[in-house]
Amino acid sequence: MDPILLGQAALNGFLFGGVYSLMAVGLSLIFGVMRVINIAHGDMMVWGSYLAFILAFRLGLDPFVSFVLCAAALFCLGVVVQRGLVNRVLNAPHEMQILLMLGVALVLENLALVVFGPDTRRTESAYGLATVWFGPIFVDVARLITFALALALSCALYLFLFRSDLGKLIRAAADNGYGALVIGADVERIYTVAFGIGAACVGAAGALMSALLPFSPAAGFAQTVTSFNIVIIGGMGSLLGAFLGGLIVAVAESLGAVLLVPSLKELVGFVLLVLILLFRPQGLFGGKTP
Amino acid sequence: MSALLRVDAIEVGYGDLTAVRGASLEVRPGEIVALIGSNGAGKTTTLRAISGLLPIRRGCIEFEGDRLDGLQPSKVVARGIAHVPEGRQLFPTMTLLENLELGAGAGAPRAGKAESLEWVFQLFPRLRERQRQLAGTLSGGEQQMVAIGRGLMARPKLLMLDEPSLGLAPVVVRAIFDNLLEINRKGMAILVVEQNVLRALQLSHRGYVLENGQVVLDGLRETLLADGHIKQAYLGR
C-alpha cells in the first residue's frame with residue numbers, strides 16, 4: 001500500500017474528525033449531565049445542515065460563517081425539547097427516555113422530509129474545492145477550516161465549563177446530581193442550558209459538515225449511531241474522550257475506506273468499538289465503569 | 001425564645017412507604033440539636049424533608065416564622081439552611097476549592113465568597129493546603145471537612161448534618177465534632193443526625209429520639225443521657 005496514499009487518508013480523516021468530535025462532545029455533555037441518550041442527536045445535526053444550506057441558498061452565507069446561526073437555532077430547539085419533553089422523563093426508566101427520544105428523532109426526520117424533500121443536498125462554500133499542496137500531500141482547505149472551527153468551539157466550551165460559574169454548576173451536576181440539588185443549585189436551569197449547548201454543538205457540526213459531505217433527511221440516524229459509538233470509545237461522560245474519540249474514529253474510517261472498500265468505512269468504527277468494549281469497557285478516557 | 005426551625009407533625013414517605021409519621025421538633029437560635037435513632041428510624045428522611053428534597057404529606061415546616069415546606073431546595077438554601085448530606089455528596093472530579101465555591105451559590109458576591117472561604121480555611125487548615133486537589137482523591141475525614149465547609153460557604157443560619165461521623169476514625173470524629181462546637185460558638189444553629197448517640201448527645205444542648213418515624217423522647221442533654229430507655233437501647237449500658 002502506498003504510504004503517501006495512507007498518509008493522505010489519515011490527514012483527511014483527522015481534519016474531518018473535528019465535526020465528529022463536536023457532535024460527540026454535544027452528546028456526551030447531554031448524557032453526562034442528565035443521563036439521557038439523545039437519540040435525536042443525528043437528526044438535530046441534519047437540521048443544522050439544512051439550516052446552513054438554506055442560509056447559503058437564500059442569503060448567500062458561507063457555512064463557515066452561518067454555523068453560528070445554526071448553532072443558535074439548535075440551542076433554542078434543544079431548550080424547547082428539554083423543557084417540554086425530556087424534563088418530564090428524567091426520573092423515568094431508561095426505556096421510556098429512549099422511546100421519547102426516538103419519537104423526537106422520527107418527528108425531526110420526517111419534518112425535514114416534508115420541508116426539504118428527500119433529495120441529497122450539499123451546501124456550497126467558497127472554499128469547497130480549494131486545496132493547498134505540501135509536497136506530495138494536499139490539504140483540503142474546507143476541511144482545515146472545519147477542523148479549526150470545531151477545535152475553537154470545543155475550546156470555548158471547555159473554558160465555559162471550567163471558568164464560568166454556570167459552567168462549574170453544569171460540571172457539578174454531571175459529577176453528582178444529588179449533590180448539586182443539596183447545595184441549592186437550580187438543577188432545571190442547568191439541565192436546560194446543558195441540553196441547549198449539546199444541541200448547539202451538533203447544530204454547528206451539522207452546518208460545518210454540510211460543506212464537506214452530502215446529506216439528506218434520512219442521514220440522521222447513522223450520525224446518532226456514530227456519535228454514540230465515539231462517546232463509548234472515548235469514555236462515557238468524558239468530554240476530552242469524546243473529542244479525541246471523534247478524531248480517532250474519523251481517522252479509522254478514512255483509513256478503512258482506503259484499505260478496504262469505501263462503503264465499508266463504518267465497519268472500522270464498529271470494530272474499534274468492539275475492541276474497546278473487550279479490552280477497556282470504560283472507554284479510552286472513562287474514569288470508572290458505570 | 002421563639003424557634004428558628006419548627007417541624008410540626010410532618011408525615012413523609014417514598015411511594016407506599018411512610019418513613020416519618022407525625023414527627024415534630026424545634027431548633028432555637030444558637031442551639032445544637034441532635035436527632036438520634038437507629039437505622040431506618042426516619043432521621044435522614046426528616047432532614048431531606050426540611051431541605052425540600054422530599055415533599056411532606058402532612059404537617060408543616062416553618063423557618064423564622066415563615067412556611068418552608070413546598071419550597072424548592074434552592075429556595076431553602078437561600079432562606080439560610082445548609083444541608084451536609086449523608087455520604088458527603090461532593091463533586092469528585094472537581095477540585096476542593098471548586099467544591100467549596102459551589103457551596104456559596106452562583107449569585108453570591110465575590111467579596112462575601114472570599115471571606116467565607118477564609119473562615120472555612122481557618123476552621124480546617126488542612127483544606128487550605130489541598131485546594132487544588134480533586135475532591136475524590138481526599139481522605140474520608142478531609143472529604144467530610146469539605147462537605148461541612150461547602151455547607152458553611154452558603155452562610156447559613158442553620159447547618160444540618162447527616163451522619164458526619166460515618167466511616168471515620170474516632171480521632172477524626174473528635175476533631176470534626178470540635179469544629180462543630182467552634183462553628184456553633186459563632187452563633188450558628190446546628191441540627192445533627194447521628195447513629196453515634198453518645199457523641200451526638202455530648203455535643204448537643206438538646207436531643208430528639210426518633211423511632212419508627214415518630215419522636216418518642218426529647219429533652220435536654222443531661223435528661224437524655226440519664227434516661228433508662230436511651231441507656232438500654234442506644235448506649236448499651
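**Entry 1: where chain A meets chain B**

I looked up the contact between the two chains, counting residues as touching when their C-beta atoms, placed from the backbone, lie within 7 Å, and I found that 16 residues of chain A and 21 residues of chain B take part. On the side of chain A that touches chain B, α6 (165-175) and α7 (177-182) of chain A each supply at least two residues, and α6(A) gives the most, with 7 residues. I took helices (H or I, at least four residues) and strands (E, at least two) as DSSP runs, numbered from the N terminus. By class, I noted 8 nonpolar, 3 polar and 5 charged residues on this side of chain A, where Ala, Val, Leu, Ile, Met, Phe, Trp, Tyr, Cys and Pro count as nonpolar, Asp, Glu, Lys and Arg as charged, and the others, Gly among them, as polar.

**Entry 2: how I read the model**

I kept in mind that this is a predicted model, in which local features need pLDDT of at least 70, side-chain atom pairs count only at pLDDT 80 or more, and totals for chains, interfaces and linings use all residues. Residues are numbered from 1 along each chain as its sequence is written, while chains are lettered from A and ligands numbered from 1 in the order in which they are written.

**Entry 3: the domains of chain B**

I then turned to chain B, which is divided into domain 1 (1-80 + 159-237) and domain 2 (84-155), with bounds that come from an automatic or database domain assignment. Their centres, taken over C-alpha atoms, are 23 Å apart, and the contact takes 16 residues from domain 1 and 12 residues from domain 2. On the domain 1 side, β7 (158-162) and α7 (170-185) of chain B each supply at least two residues, and α7(B) gives the most, with 5 residues.
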